[in-house]
Amino acid sequence: MEFPRGAGILLHPTSLPARYGIGDFGPEAYAFANFLIDAGQSLWQMLPLGPTDNGNSPYSSYSAFAGNTLLISPEQLVLDGLLTTDELPTTSILPEEQIDFRSVRASKAAMLKVAYTHYQESVDTSLRAEFESFNKDHKHWLDNYALFRSLKTARSGAAWHEWEPSLVNREPPALIRAGADLEEQINEVKFYQFLFFRQWKALKKYCNERGIDLMGDIPIFVAHDSVDVWANADQFKLTSDNLPAVVAGVPPDYFSATGQFWGNPIYDWDRMSEDGFKWWVTRMRAAFQMYDIVRIDHFRGFAACWEIPAEAETAEDGSWVTVPGDEVFAAIKTALGELPIIAEDLGVITGEVDQLRGKFNFPGMRVLQFAFSGDEENIHLPHNYPANVVAYTGTHDNDTAVGWFNRVPVAGSLSTADEIESERNFCKEYLKTNGEEIHWDFIQAVSASNANTAIVPLQDVLGLGSHTRMNLPNSVDGNWLWRMKADALTDEIVTKLGSITEVHGRRLGEP
């Protein structure tokens with residue numbers, strides 16, 4: 001599906017400057033939507049919104065269907081009568097520009113507990129009816145998820161494959177008994193999901209009514225310690241001990257000399273084909289109930305997957321294994337019709353990947369930071385962009401534009417000092433710049449290109465350095481923490497971004 005000419009911003013909601021230590025669906029989310037409108041943007045792209053594990057990565061979630069309750073707005077709970085102002089979380093010790101996930105998890109858990117207590121005491125029959133309707137509409141994933149989270153909590157966070165064998169194997173009598181024993185905890189989990197989706201639906205409605213589409217992100221793989229694997233173990237390549245037999249990753253690439261060892265279990269595609277890839281159809285249906293546009297992360301994994309033996313130390317020991325992506329997307333299209341899907345086709349791309357993407361007319365991606373390491377034929381140079389792509393200055397896995405331009409060699413880097421300087425010189429010559437405002441040069445370049453869609457991480461709009469990058473692939477510490485300052489989006493930025501957007505025919509509301 002080809003998109004109309006437009007522009008957007010990549011910003012994960014956790015990076016918003018909310019008062020309670022982490023961005024959420026409260027007032028600052030609506031303020032950001034107003035910024036997008038004022039600057040002529042028509043897309044708000046975000047990272048996956050699922051509940052994250054202790055690593056805090058949006059790409060490692062306990063569920064492919066549930067929402068991250070850290071995004072629930074305390075202010076909105078006050079407006080709904082579920083909190084009083086005296087019960088709002090404390091903000092005195094929370095950092096302004098980073099997320100202290102440990103503190104935030106504790107304070108929001110306590111807040112939600114209070115909100116649930118008030119709900120139980122409430123005589124608001126309309127809210128109760130709304131909650132009951134939510135439970136019914138989302139039953140296909142919500143029941144399993146609420147039981148999964150309740151069981152994990154009751155077992156001090158132990159991974160599902162370490163539980164009692166009867167629960168690991170999902171024996172019906174054991175599940176029924178656990179559901180009865182944990183009934184109150186299960187209802188709490190469901191209520192918190194109700195609050196998440198209620199607030200998300202209101203924010204989406206606000207954006208859509210003002211011409212802004214919301215773009216979500218679907219990781220191709222799911223975490224092993226997730227309800228998705230626990231409830232569908234037969235659809236993954238697991239050992240007799242319910243551990244991954246092989247895991248996902250990528251071979252040595254731009255980001256790592258030893259490749260990336262992700263550790264996610266890999267689908268048993270043959271087994272999935274037996275029911276017409278029902279799990280994938282259900283997942284994509286749920287995604288498009290949430291988002292207007294979906295970006296599929298690691299799309300090339302639908303043509304072939306880099307399978308690594310689970311016992312390997314690095315991703316170098318993997319091999320490519322063919323995947324029936326053609327059948328998967330045919331099943332999705334038959335069930336749901338033609339969908340606005342963006343294929344993240346970065347990295348080691350083959351003709352089979354291009355053929356699969358082209359068959360279903362999914363726009364691919366171009367990233368300006370990758371443009372200057374070759375010659376004038378580099379597909380990431382703006383003059384080579386076809387219309388049906390999404391052009392980025394950088395993604396959540398890249399450094400910021402300023403950080404990239406000013407970078408120096410570091411231990412483990414694939415680039416030497418000479419190579420970095422050569423890229424920088426090519427960049428300056430191509431963009432006709434001295435680099436003093438390299439972030440605006442990058443924004444101008446992708447906006448002026450032939451690509452139907454141009455998206456810029458907010459860090460590049462603000463001209464921020466490497467300390468604000470969202471993620472460094474193949475690393476564990478220091479990721480997903482950045483938050484913008486409350487006063488960052490000045491009138492000057494709105495005017496400049498709006499002008500660039502308008503002059504290149506991308507402004508919100510233009511034909």
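Visitor: How many bridges join strand 1 and strand 2, and in which sense do they pair?

Guide: Look at the bridges first, then at the direction of the two chains. In this predicted model, strand 1 (residues 6–10) pairs with strand 2 over 3 bridges, in the parallel sense. To find one of them on screen, go to G8, whose bridge partner in strand 2 is L43.

Visitor: What is the strand order in the sheet that holds them?

Guide: Walk across from neighbour to neighbour. Here 8 strands make an open sheet with parallel pairing, in the order 9-6-3-2-1-12-11-10. Strand 9 (341–343) and strand 10 (364–367) each have a single partner strand, so one side of each lacks a neighbour in the sheet. From one strand to the next, the twist averages 25 degrees.

Visitor: Which residues does S73 touch?

Guide: Leaving out residues up to four places away in sequence, S73 touches D24, F25, G26, P27 and Q199. There's also a polar contact of 3.2 Å between the side chains of S73 and E75.

Visitor: What does helix 8 reach from its first C-alpha to its last?

Guide: Compare the end-to-end reach with the expected one. Helix 8 (residues 183–209) has 27 residues and reaches 39 Å, close to the 39 Å expected at 1.5 Å a residue. Just after helix 8, check G211: its phi is positive, about 90 degrees.

Methods:
Residues numbered from 1 in each chain as written. Predicted model: local features only at pLDDT ≥ 70, side-chain atom pairs only at ≥ 80, totals over all residues. Heavy atoms only, no water. Polar contact = N/O pair within 3.5 Å; in protein donor to acceptor, adjacent residues only side chain to side chain. Contact = heavy atoms within 4.5 Å. Helix = DSSP H or I, 4+ residues; strand = E, 2+ residues; numbered from the N terminus. Expected span 1.5 Å × (residues − 1). Pairing = 2+ DSSP bridges. Axes fitted to C-alpha atoms, helices over the stretch in contact; angles between N-to-C directions.
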